[in-house]
Amino acid sequence: MSVPANAGFWDFSLRVYARDGVAEACLGLQDRRGADVNLLLYCGWAAATGRGALGTDELERLVDLTGPWQDSVIQPLRQVRRGLKELGEDEMPAAASLRQDVQKIELAAEKIEQDMLAAAASELDAGKAGKSDPRQDAEDSLTAYMTVLGVEATEDERRDLATLLDAFAG
């Protein structure tokens with residue numbers, strides 16, 4: 001997927017996330033390995049916009065940048081939303097409505113994190129020219145992110161990462 005360098009990260013993410021299997025892949029990596037979905041998508045966006053592959057140093061800086069927001073805002077909202085879902089919407093219709101409200105707030109918090117990441121793009125050493133293959137840049141970035149997370153890719157992770165790479169390229 002060739003994307004102009006000034007293309008919005010949010011719009012890119014919405015397009016990619018809507019593709020078959022992407023939500024499941026992202027959420028699988030999030031739930032099993034603690035991956036930040038926004039950083040997974042950022043790896044693809046950086047490659048697609050010609051920013052090149054992100055190295056472990058760059059990704060560590062991004063984790064440091066977004067970690068407090070993830071820990072203090074997004075993860076607690078996610079926990080509340082999931083808790084409301086577990087209560088059962090049939091048994092507690094008011095909880096279903098509240099869950100939808102929390103989900104909207106969680107999505108707004110995710111957008112704020114994406115704005116943080118997009119703003120950081122110009123400050124990172126990712127402005128170098130990308131390789132001729134954005135897919136390879138995305139793969140290198142995702143591999144570096146797994147390294148930052150301390151994840152050795154199992155079959156599940158390899159499958160999920162392949163799904164993301166296909167979506168980034170599509």
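The structure is a predicted model, in which local features need pLDDT of at least 70 and side-chain atom pairs count only at pLDDT 80 or more, whereas totals for chains, interfaces and linings use all residues. Residues are numbered from 1 along each chain as its sequence is written, and side-chain values use heavy atoms, with hydrogens and water left out.

About 470 Å³ of space lies in the largest pocket, a pocket being an open set of points on a 1 Å grid over the protein atoms alone, where a 1.4 Å probe fits, with protein on both sides within 12 Å along at least five of seven lines, and lining residues having an atom within 4 Å of a point; the volume is the space filled by probe spheres set on the points, which are joined across faces, edges and corners. Of its 18 lining residues, Tyr17, Leu27, Glu106, Leu107 and Glu110 are the closest to the centre, and the lining comprises seven nonpolar, five polar and six charged residues. The largest share, six residues, comes from α5, helices being DSSP runs of H or I of at least four residues, numbered from the N terminus.

The second largest pocket holds about 190 Å³ of space, and among its 17 lining residues Gly34, Ala35, Asp36, Gln70 and Gln75 lie nearest the centre. Here α4 gives the most to the lining, with seven residues, and the lining divides into six nonpolar, seven polar and four charged residues.

Key
Helix = DSSP H or I, 4+ residues; strand = E, 2+ residues; numbered from the N terminus. Nonpolar A, V, L, I, M, F, W, Y, C, P; charged D, E, K, R; others polar.
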